[in-house]
Structure formats: structure tokens, C-alpha cells
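Look at the sequence and the model together, and keep both in view while reading. The text below goes from the whole chain to its parts.

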Amino acid sequence: MDYSNRVNSKKGAGGIASTEDQNVHSKKRVQELLATHILDIDNDPYVFRNHLGILECKLCLTTHNNESSYISHLGGRKHHLNLERRRILDEKSRQQQEFQRKVQDQISISNVEKRQWKKIGRPEYKVIKIRDPETLQLGILITVKCSKITIDEPFFRLMSFYELTSKNQNLGMKFIQAANQEEEEEDDDLKPSDVQYLVISAEPYDNIAIIVPNKQEIDKPQEEGKMSKTYWWFWDNDTKEFFLQLLYKK
């Protein structure tokens, strides 16, 4: 503001500015800022004019009666602190999105497409209790007929009670309770931890689950996918029959 040539001021000295002079200077300064696009209210993401014509700062939640008040707010400490906080939050959000994008690009259970097929019912299967004539080990022999199978061969997996879904756990508990009612001695009641579930899948048939007693350990190799004399399976592609034998350790 020019303070020269004012009333009651010495030559070369600044006089006292009246309130009217200050208002005129403020309005002129705001018009210059708006004209030079230093303050572009239309493109400022943090300010908007409400229905009363009052400017509001969405970042700091403050209201301003005119442009000069908002300009003073932009140069203030509060607005700068909130801008820095917003920048830090945006940076954290960007890093989190990049991390989630990297995780999604990797192979995981969540992004592997679930296999679906039109089911045609359960296949014909038979479970036979066996005993090895040499070692006298007890076990079971399972035969499954899959005449309309659409994959190369069936696959199977031994699962514990706690690996099943809640629906299948309830079905398993009902079967165990029914088996316990048939037993005469109460000391031999089965518990969920006393059995395993042998699940055999052969598309397009429904999966079948066979409850295998777990009181004795199954005699099978330590390596996954390996067979032995006591633990083996065979798929006969000509007759479309699948054989699986499990023997228990002595």
C-alpha cells in the first residue's frame, strides 16, 4: 500500500491509512490475484461457494465471507498443516493400492477360478475291509466306477474334520452320532478327531466322501504323491474303474 502524500505526514514518511483505504487496497489486491490466476477458485479442489455466497474450505472446515479472507487462510499455518497431512494420507493410500495390485497379480486361492461343471450324480463305489495275508495289516479297498468321466482320471485327498466346511462338518457329526448309537459299548464312541475323510472327485460326478477311522496311522510314504505296497491307487482307463488301497500300521 502506498503511504506517501497522506494527510498529517511528513515529506518522505508514511501516513496513517484509514479503514476505507485499507478496504479499497484489499479489494484491488484480490482482483489482481484473480486476474493473474494466482487464486483460481473455480479449480481449487478445497474451496466452494455455498448458497449464501460464503466461501468454505473443505480441507480445514472453515468459512470465509470474501476472497481476501480466503487468501489470508491459504497463507496460514492451519491450511499448510492440513495440506501436508492430506499429502501423507494420499501417499499411504497409493502405496497400499500398489501393494494390493501386486498381491492380486500373484497366484493365490482368492484369484484362482473355481472349477464348475454340471453334476450328474454320485458314481457307483464300493468299500471293502481287507487284511494283508503276509503282514496281517488291516485296511480298506475302495472301488469307484466312473463310466462318464470327463477328465483323465479321478483324484483324491485325505482331509481332517477341521479342514471341512461348516456344512460338511455338521453332516459328518450326524453320521458319527448315528454310528455311535449303533455301538453297544459307550467307551468306543467316535469323536471328530478319530476319523478322516477320504474325498474322491471325478468330474462330472458329485464328490464322494468316505469316513476312514483314524485311531491307527495309515501306512503310507512320507513323500506326497508316492505309492507303496500298503498305499497305492490305480486307474483302469478301459473299464473306467478307480482302485484305492489303504493299510494301517501294526
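Predicted model: local features only at pLDDT ≥ 70, side-chain atom pairs only at ≥ 80, totals over all residues.

The protein chain has 250 residues, of which 27% are buried. Its secondary structure comes to four helices and ten strands. Read from the N terminus, the elements follow the order α-β-β-β-α-α-β-β-β-α-β-β-β-β. Among contacts with a separation of 6 or more, 48% join residues 24 or more positions apart.

Begin with the open sheet of three strands, in the order β1-β2-β3 with antiparallel pairing. Its edge strands are β1, residues 47-49, and β3, residues 62-64, and each of these pairs on one side only. On average, neighbouring strands of this sheet are turned by 25 degrees against each other, direction ignored. Three bridges hold the antiparallel pair of β1 and β2, the latter spanning residues 55-57. Within the sheet, V47 stands opposite C57 in β2.

In soluble globular proteins, nonpolar side chains tend to be buried together. Here the largest nonpolar core has 22 residues, and those with the most contacts inside it are I142, F156, L198 and L244. Six strands each supply at least two residues of this core: β5 (138-145), β6 (155-159), β7 (195-201), β8 (208-213), β9 (231-236) and β10 (241-247). What does I142 touch, not counting residues up to four places away in sequence? The residues are K126, V127, L198, I200, I210, F242, F243 and L244. A second, separate core has seven residues, including F161, L164, I176 and V195.

Strand β7 can be followed in more detail. Seven of its seven residues are buried. On one side these are V195, Y197, V199 and S201, and on the other Q196, L198 and I200, so both faces of β7 are covered, taking buried to mean under 20% relative accessible area. Strand β7 pairs with β6 in the antiparallel sense over five bridges, and in this pair L158 has L198 as its bridge partner. Strand β7 also runs antiparallel to β8, to which six bridges join it. In that pair, Y197 has I211 in β8 as its bridge partner.

Rolling a probe the size of a water molecule over the atoms shows where empty space is left. The largest pocket of this model has a volume of about 1200 Å³. It is lined by 29 residues, and the closest to its centre are M159, L164, N168, V199 and N207. At least two lining residues come from each of β6, α4 (166-182), β7 and β8. Which element gives the largest share of the lining? Helix α4 does, with five residues.

The last stop is T230, which lies in the loop between β8 and β9. Is T230 buried or exposed? Its relative accessible area is 13%, and buried means under 20%, so T230 counts as buried. Leaving aside neighbours within four places in sequence, T230 is in contact with Q137, D219, Q245, L246 and L247.

How values were computed
Residues numbered from 1 in each chain as written. Heavy atoms only, no water. Pairing = 2+ DSSP bridges. Axes fitted to C-alpha atoms, helices over the stretch in contact; angles between N-to-C directions. Core = buried A, V, L, I, M, F, W, Y, C linked by side-chain atoms within 4.5 Å. Buried < 20%, exposed > 50% of the residue type's maximum accessible area, 1.4 Å probe, protein only. Contact = heavy atoms within 4.5 Å. 1 Å grid on protein atoms, 1.4 Å probe; cavity = no way out; pocket = protein on both sides within 12 Å on 5 of 7 lines; lining within 4 Å. Points joined across faces, edges and corners; volume = space filled by probe spheres on them.
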